[in-house]
Amino acid sequence: MRTRLVLSSTLMACVWLVGCTPAPSEVSYSKDVRPILTAYCLECHTPGNAQHPPGKGYAQNMFSMESYNDLMKGTKFGPVIKPGDATGSTLVRTVEGKVDPRIRMPHGKGPLPEKDATVIHNWVAQGAKNN
């Protein structure tokens, strides 16, 4: 009887904890994601202009991160973001270091801070909205 009571109490506590885990707050492209891209990605992922040559990342795979539409367009190989599917999105996998180290981003620099990678992960998981 005592074992049943302990198991029942433990099960109820687990259900309560899972049910009370807060969902990540909505991530904003303009307020949260864009500043990360500006700080870590735009140096290489811009098409350039008359005064500046294209960044290496743009020159290599035609991937611009200058605007939301450019980001969603992806590379010459196709999209890098699957809205709602962070684990299936190439962008998320590269900034989280879940790819071959030779293509981890930001390329040739230290890894993206975990908090920033989490912001990008959550944004994509929430649908990668232009908000």
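Two helices, α3 (56–61) and α5 (90–95), each supply at least two residues of the lining of the largest pocket. Helices here are DSSP runs of H or I, at least four residues, numbered from the N terminus. Before going on: this is a predicted model, where local features need pLDDT of at least 70 and side-chain atom pairs count only at pLDDT 80 or more, while totals for chains, interfaces and linings use all residues. Residues are numbered from 1 along each chain as its sequence is written, and side-chain values use heavy atoms, with hydrogens and water left out.

Now the pocket. The volume of the largest pocket is about 600 Å³. Of its 25 lining residues, His-45, Gln-60, Asn-61, Ile-103 and Met-105 are the closest to the centre. A pocket is an open set of points on a 1 Å grid where a 1.4 Å probe fits, with protein on both sides within 12 Å along at least five of seven lines; lining residues have an atom within 4 Å of a point. The volume is the space filled by probe spheres set on the points. By type, the lining divides into 13 nonpolar, 8 polar and 4 charged residues. Charged means Asp, Glu, Lys and Arg; Gly counts as polar.

Next, Val-92. Val-92 sits in helix α5. Is Val-92 buried or exposed? Buried, because its relative accessibility is 1%; the cut-offs are under 20% for buried and over 50% for exposed, with partly exposed in between, using a 1.4 Å probe on protein chains only. Leaving aside residues up to four places away in sequence, Val-92 touches Ala-86, Ile-120, His-121 and Val-124. Contact means heavy atoms within 4.5 Å. From Val-92 to Ala-117 is 25 residues in sequence and 7.4 Å in space, C-alpha to C-alpha.

Last, the aromatics. The whole structure holds 3 aromatic pairs. Tyr-29 and Tyr-68 are edge-to-face, because their ring centres are 5.3 Å apart and their planes at 75 degrees. Tyr-29 is in helix α2 (residues 29–40) and Tyr-68 in helix α4 (residues 68–73), so this pair ties together parts 39 residues apart in sequence. Tyr-29 and Trp-123 make a tilted pair, with centres 5.6 Å apart and planes at 35 degrees. Trp-123 lies in helix α6 (residues 114–125), so here the parts tied together are 94 residues apart in sequence. Rings pair if their centres lie within 6.5 Å; planes under 30 degrees apart are stacked, over 60 edge-to-face, the rest tilted, and for Trp the six-membered ring is used.

Tyr-29, Tyr-68 and Trp-123 form one aromatic cluster. Tyr-29 is buried at 5%, Tyr-68 at 17% and Trp-123 at 1%.
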